[in-house]
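Below is a briefing on a structure, arranged by topic for close reading alongside the coordinates.

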Amino acid sequence: MAVLSYIEAINLAMREEMRRDPRVFVLGEDVGVRGGVFRATMGLIEEFGEARVIDTPLAESAIVGVGIGAAAYGMRPIAEIQFADFILPAVNQIVSEAAKLRYRSNGDWNCPITIRAPFGGGVHGALYHSQSVEAMFTNVPGLKVVVPATPYDAKGLLKAAIRDEDPVLFFEHKRCYRLIKGEVPEDDYTVPIGVADVKREGTDLTVISYGLTLHFCLQAAEKLAEEGISAHVLDLRTLYPLDKEAIVQAAAKTGKVLIVHEDNKEGGVGGEVAAIIAEHCLFDLDAPIRRLCGPDIPAMPFSPPLEKFFMLNPDKVLEAMRELAHF
Amino acid sequence: MTIKRHEEVGLTDAQVLDMYYYMLLARKIDERQWLLNRAGKVPFVISCQGQEAAQVGAAFALKKGKDYICPYYRDLGVVLVFGQTARDCMLAAFAKAEDPNSGGRQMPGHFSGKKLGILSGSSPVTTQVPHAVGIALGARMKQEDIVVYTSFGEGSSNQGDFHEAANFAGVHKLPVIFFCENNQYAISVPLKKQLACASVADRAIGYGFPGVSVDGNDPIEVYRVMKEAVERARSGGGPTLVEAVVYRLTPHSSDDDDRTYRSREEVEEAKKKDPLPQFASYLKQVGLLDEEKEAALHKRVQQEVDEATEYAEQAPYPAPESALAHVYAKQEGI
């Protein structure tokens, strides 16, 4: 089986889907001859031509809005927003239009669009190239919000998103692009949207995460094992709608829960995960639910010590896990 | 006898009579909805009054059953030509389960119908304009020679979505017609506070395609301009911005009071140019209509509106728990 980077898996997913289905096309800024500023769409214009790999004018609301019209017409657009930070001009199209088209037409129309956007920090991207924006979209019924952590999941979830009959926001952690590598089957598989995944079995405490910080959790769990503490690690993979059953199961299994995400704490996805646990299995808990998240400041600053302060890392996660294990 | 202007633009006698029927039907549905609103029977009305000629003239230039439309909330005249019925409109006004636009989920005026080629719209204005461009883009990829019409008010021509969509369509030379119904007011704010340029049509130059301003009270003129735009679009010539200059004869909606921002004299003056009596007068001048035929037409429309109202009023509401349906497709996983 081939070992691919996270971004190669994303590229492969789009390539396979474009070969499989002539309705699939890509639109966004610099996605054509440049192959995307991160090179996610590299080689696609050479294989599929400029009619299906469209370098759009620099206007995010049109990238999404035009994609919505095409999706309603029966196409399968993949709209790329260059950085998740720049998705804000398109929020009206995403929330008022894509998310509500099926509902407001009483099931007559639907909007099978995939919107890809790189998010997250640790790349010297400063305030406007580092944000985690997922929480803005995780209380919008009609949308699905997906964040893969591994190359395997990235390929399978992106293929599932493209085939989905409803709009999917597909957030890719940009630090994962070249840092994270893994085995990716060459065959045609999908990973179901809405299903979380246990990435490590354990018995002493449960860690719930997604995206880049999932890897910090796995690394910390490895070290903690040397101390005789066994951590159970759940990768949410889909942030909306959440896999409530998997969350409750993972929490009840160890009775101690740490939720980890790079997005700031207040109003983040972790709050909803904690609420699900509190609603469904409070009496299975042996310790208060803990959250380890980015600080509640507007965004990640540029200066290296400030960026480092904002970002989580395996050591910060290890410390939080150890503390909870000893509660 | 006056010259038959409609023949010069390729409209038959039957077609212009049909146009008048649709204009009258739109007006009468609209007037009935106001009565129902004031009687406390329907919660909200948003009008097409004063814009019927522009709407019907535009819709007649399109191919019903083939072309797509992304209309805005005043386009009652357009959707009637495209196949919606008085009953459909009344079901929407009463928010009944059978409403084909949304099953009673949306306010009236939020037109939709997949089989008629009417894309569902929302209330934040101008969001439909990029959708029209997307439909045209999808059709080009599928090699289907459709034309997409999208409409909006002059206030909406200030929105980013208008500029972004027009620019996109211009760059890609897509078969889209941007139809601005300039009715002089964005709720209370008059044209001079909305635009610094002389006309909405002037904006087209920035996107590299033609912009044409037309008297929206004259359905034949609107048809002529639209027909040119449709031919250009269908033959690969790209988009056109058409500005139909009209006047909104009613307040913005049933919840608005226009006495707070415009004089009665101004509205009375505009009523002298009301497109309905003007067009009826033209049809009489060319010998297609007389008092007797007009009375018969009024009776037919009246009957249609009566029957639609009665049916819709008695139709069942949606079941409360049906509010939970159609969030996502039914599928595995979720």
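A residue is called buried if 20 or more other C-beta atoms lie within 10 Å of its own, exposed if 12 or fewer do, and partly exposed in between, with C-beta atoms placed from the backbone. This is a predicted model, in which local features need pLDDT of at least 70 and side-chain atom pairs count only at pLDDT 80 or more, while totals for chains, interfaces and linings use all residues. Residues are numbered from 1 along each chain as its sequence is written, and chains are lettered from A and ligands numbered from 1 in the order in which they are written.

**Confidence**
- For the complex, the predictor gives an ipTM of 0.97 and a pTM of 0.97.

**Helix 5 of chain B**
- Helices (H or I, at least four residues) and strands (E, at least two) are DSSP runs numbered from the N terminus; in helix 5 of chain B, B:A86, B:R87, B:D88, B:C89, B:M90, B:L91, B:A92 and B:A93 are buried.
- These buried residues pack against helix 2 (13-38), helix 4 (76-81) and helix 11 (291-314) of chain B, where contact requires C-beta atoms, placed from the backbone, to lie within 7 Å.
- Helix 5 of chain B is followed by B:A95, which has a positive phi, near 55°.

**Helices 2 and 10 of chain B**
- The axes of helix 2 and helix 10 (residues 275-285) of chain B, being lines fitted to C-alpha atoms over the stretch in contact, with angles from 0 to 180 degrees between N-to-C directions, come within 11 Å and cross at roughly 155°.
- That angle makes helix 2 of chain B roughly antiparallel to helix 10 of chain B, since angles under 35 degrees count as roughly parallel, over 145 as roughly antiparallel, 65 to 115 as roughly perpendicular and the rest as oblique.
- B:V16, B:L17, B:Y20, B:M23, B:L24 and B:R27 in helix 2 of chain B meet B:P275, B:L276, B:F279, B:A280 and B:L283 in helix 10 of chain B.

**Contact between the chains**
- Chain B gives 37 residues to the contact and chain A gives 41 residues.
- The largest share of the side of chain B that touches chain A, 10 residues, comes from helix 6 of chain B.

**B:S188**
- B:S188 lies in the loop between strand 4 (185-186) and strand 5 (189-190) of chain B.
- B:S188 is partly exposed because 14 other C-beta atoms lie within 10 Å.

Note on methods:
Two residues are in contact if their C-beta atoms, placed from the backbone, lie within 7 Å.
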